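Here are some notes for a colleague who will be working from the coordinates. Please read them with the model open.

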Amino acid sequence: MTGTQPVNAARPGASAGPVLDYRKNPFGLVYEDAITENEAGGVNIYPVTYMLRGLKIAANIYTPANHDPSERVPAIAVAHPNGGVKEQVAGRYGYITIAADAAYQGASAGEPRSVDKPFYRTDDIHGMADYIAGYPGVDADRLGLLGICGGGGYSLKAAQSDKRFRTLATISMFNSGRVRRNGLQDSQLDTIQQRLAQASAGRAQETAGGEILYAGDADLTDEQIAAQPFDLYRQGYEYYWKTHAHPGSTFRYTMSSLLDLMSFDATDEIELIDTPLLMIAGSIADTRYMTEEAFPKASGTQDKELFIIEGARHIETYWVDEYVDAALAKLVEFYGAKL
């Protein structure tokens, strides 16, 4: 690859095993066929840290094969899924790429742990732009943004105001605010006020110095996982807890985060996005409706495309080679034309 070609940090041609162990990769990576060492002429990875809002943020920088820092090439910031970390799916996509752990999550600093507030997640994306724009060899006038799952929703929000991002793509976009408020596929509309009261009580207890309360934290048996009502959750538990488990990755978030999440929607003011937009979703994903409903609302750009990966469910776009390859091919075309 040259400096202007995309980086796929996975080794081509190998098949995925049933379970990946982060301890067997020197970089702690848990995605299919991940690199295990930096080699001359190959894709390389560089762990970095930087400060944002007084917190130390942990990130990985991927550089393309035969990268020459004296050349100025495009770069892409990758926002990871809810519950995910930079060592998982976020490492599979990009040019010169930065994939950072969200503040309060993964290897990034912040207490209490597992805070998941929209402002923080959105500002984390601005922070990736701050850092990567000054990285050797990066053309700061050609920054792209890629958001996966919850990172896709937060990327929609970040791109509304941050015009350093000249392109935006999402994969399996998950509108965190809408789902925390209404439930997946609007399945919890009748308990909104009850859950807001729980969040308020959680914030009060947290502020008073009591035990931090968490939502989404469970240790489910195989039978309980199989009984989950949506593919997203069934396959999500398998992905995050078994096949691609990482100690920095968790489903949980502070109960008090819901005060911010439940009044947030990634598509509010989405018409402010005026850059090329690509939105990718699986044809049988139970989250597909979020991408399809957001897409027409992005009326500020006419340079946009909705791309459906046939046969893919939400979590499968993270790791199944057939679907990752389809997404990568579309991203190569998109970023190559627009950056």
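1. Basis. This is a predicted model, in which local features need pLDDT of at least 70 and side-chain atom pairs count only at pLDDT 80 or more, while totals for chains, interfaces and linings use all residues. Residues are numbered from 1 along each chain as its sequence is written, and side-chain values use heavy atoms, with hydrogens and water left out.

2. The sheet. Eight strands form an open sheet with mixed pairing, in the order β1-β2-β4-β3-β5-β6-β9-β10; the edge strands, β1 (44-52) and β10, each pair on one side only. Neighbouring strands of this sheet are turned by 20 degrees against each other on average, direction ignored. Here strands (E, at least two residues) and helices (H or I, at least four) are DSSP runs numbered from the N terminus, two strands pair if DSSP finds at least two bridges between them, and axes are lines fitted to C-alpha atoms, for helices over the stretch in contact, with angles from 0 to 180 degrees between N-to-C directions.

3. Strands β3 and β5. Strand β3 (residues 73-79) pairs with strand β5 (residues 138-148) in the parallel sense over 6 bridges, and Ala 79 stands opposite Gly 147 in β5.

4. Helices on the sheet. Helix α1 packs on the sheet and touches β1, β2 (55-63), β3, β4, β5 and β6 (165-171), where contact means heavy atoms within 4.5 Å; the direction of α1 makes about 115 degrees with that of β1. Helix α2 (residues 150-161) lies across β3, β5, β6 and β9 (277-282), running at about 135 degrees to β5. Because 11 of the 12 residues of α2 are buried, this helix is largely enclosed by the rest of the structure; among the buried residues are Gly 150, Tyr 154, Lys 157 and Gln 160. Buried means under 20% relative accessible area, exposed over 50%, and partly exposed in between (1.4 Å probe, protein chains only).

5. Aromatic groups. The structure holds 12 aromatic pairs, counted for rings of Phe, Tyr and Trp (its six-membered ring) with centres within 6.5 Å, planes under 30 degrees apart being stacked, over 60 edge-to-face and the rest tilted. Tyr 104 and Tyr 120 form a stacked pair, 5.1 Å centre to centre with 25 degrees between the planes. This pair links distant parts of the chain, since Tyr 104 is in the loop between β4 (96-100) and α1 (118-132) and Tyr 120 is in helix α1, 16 residues apart. Tyr 104 counts as buried at 12% relative accessibility, whereas Tyr 120 is partly exposed at 23%. Elsewhere, Tyr 237, Tyr 239, Tyr 240, Trp 241, Phe 251 and Tyr 318 form one aromatic cluster.

6. Charges over rings. The charged end of Arg 252 sits over the ring of Tyr 214, 3.8 Å from its centre, and that of Lys 304 sits over the ring of Phe 295, 4.8 Å from its centre. The criterion is NZ of Lys or CZ of Arg within 6 Å of the ring centre and within 35 degrees of the ring normal.

7. His 314. Which residues does His 314 touch, not counting those up to four places away in sequence? They are Cys 149, Ser 172, Phe 174, Leu 232, Ala 285 and Thr 287. His 314 is found in the loop between β10 (304-309) and α9 (316-319) and is buried, with a relative accessible area of 1%. A polar contact of 2.7 Å joins the side chains of His 314 and Thr 287; the term covers a pair of N or O atoms within 3.5 Å, where within protein one must be able to donate a hydrogen and the other to accept it, and residues adjacent in sequence count only if both atoms are side-chain atoms.

8. Ile 35. Ile 35 is found in the segment before β1 and is buried, with a relative accessible area of 0%.
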